[in-house]
Amino acid sequence: MTSLVEKFSKPVPRYTSYPTAPHFHAGIDDATYATWLADLPEQASLSLYLHLPFCDRLCWFCGCHTKQVNRYDPVTRYLLALQAEVDRVGAMAGGGKVTALHWGGGSPSLLRPSDIADMTARIRRAFKVRPEAEFSVELDPNDMDEARFDAWALAGMTRASIGVQDFDPIVQAAINREQTFTQTQHVVLAVRSRGVRSVNIDMLYGLPHQTVAGAVVTATQVASLRPDRVALFGYAHVPWMKKHQTMIDEAALPDGPARFEQAEAAAAVFLAAGYLPIGMDHFALPHDSLAIAYGQGRLQRNFQGYTADRHDALIGLGASAIGKLPQGYVQNVVATHDYQQRALNGVGVIARGVAFAGDDVIRGHVIERLMCDFALDFSSLRAAFGADAEEVIGEAIAIGLADGDGLVRLLPGAMEITERGRPFVRTLASKFDAYLVGDSARYSRAV
Ligand SMILES: C[S@@+](CC[C@H](N)C(=O)[O-])C[C@H]1O[C@@H](n2cnc3c(N)ncnc32)[C@H](O)[C@@H]1O
Ligand code: SF4
């Protein structure tokens, strides 16, 4: 296995979109977005993503688009701009109904209770939010107090997504993120006691000073909290993109095979605790909607990772947020200051995007199915894409025939990634990426 890990260590995208973000360009602008929104059917189902690019601490491992703030004023200013964008896009998205709403960041958990209530009211005025809509929020336990728990519960939160990463104090010191088990347990109990029906916990492997034994201890502690879902991500070390990651001692980072062992050991803990493996990096209890969607072949992948939520359009709101419409992807301005200026001036905030062209949709579908199902069913591909499916089916068969590592199995009418091949799903998916040729320097390790 070690030699396989080394062989497939070439960096590849995480495929939360296809084409991937580096292929977005400024030719897709506010005018394009306006026509795409106007084309949404009256009854379209919408998923909203709201981005809050602020934290009151800066964890050195963090790869998210965020900035540390010591005062609340910048947050207040940003929320005014976000409200303006919510109103503007809500008016343009016509009669679409919101079936899912996700607050991410950064740390939306630092919002003041009155802002949580105001923003929620504003969103509900601008969009038709279905009463049964999923409403998830990323919570940094460090931010939380009783008033914030109450405010999020009252706003309608149905899932709390809690960042843990690792409980070992040595690892925590190396990534500048202190957080005890007791503090985390309190968050789980506090949201559960307020009727929040789903809890997700994020854990990382591949962190500085992390060991296999340490990953097992953290995974065991995480499993003892019985979250409905767990996301087990490999630490993506990209200091050329995230300057604060230069604070991480590279000499203390585990190498490829060690990362692999940590991931396997943590996964074994979750499996033994009754969790089902979902896609390449998630685990879920059998009752969870992610596990059900996976079992029924309905799992989806978007910028937030795996989701059970099916929608016609993903609407990104806030600095750097990404949206997906039937015609392509759009991304908002990344710099918070520019975003605020444009939103407050009542103009659009789109910086770039990409319109689907050529075989983008079919290749995107193939990559998504591989990342979600670990298999490609040729008859479903033919049913969805007709004769256009033959080229990718031919490629899948060629990959199966050329595979000398036992990663892929060809069945009558399907290509399947084997148990052994699953950790390399990103690399296998990348074989269908028509844009990837000679373009790996910007991505993180595949395993
Ligand atoms: C926006 S953050 C989580 C919310 C909240 N701010 C917190 O830290 O608890 C989302 C998740 O992304 C993951 N993440 C952040 N930086 C990462 C990186 N460099 N590599 C892999 N995962 C990362 C972490 O697991 C983190 O919990
Ligand atoms: S991990 Fe969470 S709290 Fe830490 S810097 Fe990133 S977004 Fe902020």
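**Figure 1. Charged side chains of the predicted model.** In this predicted model, the chain carries 42 positive and 49 negative side chains. The centres of the two sets lie 2 Å apart. The chain exposes about 18000 Å², of which carbon and sulfur atoms supply 55%.

**Figure 2. Overall fold of the chain.** The chain contains 15 helices and 19 strands. Its radius of gyration is 21 Å, close to the 22 Å that the globule rule gives for 447 residues, so the chain is as compact as a globular protein of that length. The C-alpha trace spans about 60 × 50 × 40 Å along its principal axes. Among contacts between residues at least 6 apart in sequence, 73% join residues at least 24 apart.

**Figure 3. The largest nonpolar core.** Of the 447 residues of the chain, 55% count as buried. In soluble globular proteins, nonpolar side chains tend to be buried together. The largest nonpolar core comprises 81 residues, and the members that touch the most others are Trp103, Phe127, Trp152 and Phe270. Helix α3, formed by residues 73-92, gives the most to this core, with seven residues.

**Figure 4. Surroundings of Phe127.** Phe127 is one of the residues that touch the most other members of the largest nonpolar core. With its neighbours within four places in sequence left aside, Phe127 is in contact with Leu46, Leu48, Val86, Val89, Gly90, Ala93, Val98 and Leu317.

Methods
Residues numbered from 1 in each chain as written. Chains lettered and ligands numbered in written order. Predicted model: local features only at pLDDT ≥ 70, side-chain atom pairs only at ≥ 80, totals over all residues. Heavy atoms only, no water. Core = buried A, V, L, I, M, F, W, Y, C linked by side-chain atoms within 4.5 Å. Buried < 20%, exposed > 50% of the residue type's maximum accessible area, 1.4 Å probe, protein only. Helix = DSSP H or I, 4+ residues; strand = E, 2+ residues; numbered from the N terminus. Contact = heavy atoms within 4.5 Å. Rg over C-alpha atoms; globule rule 2.2 N^0.38 Å. Areas by Shrake-Rupley, 256 points an atom, 1.4 Å probe, with all protein chains shown as cover. Lys, Arg positive; Asp, Glu negative; His and termini not counted. Charge placed at Lys NZ, Arg CZ, Asp CG, Glu CD.
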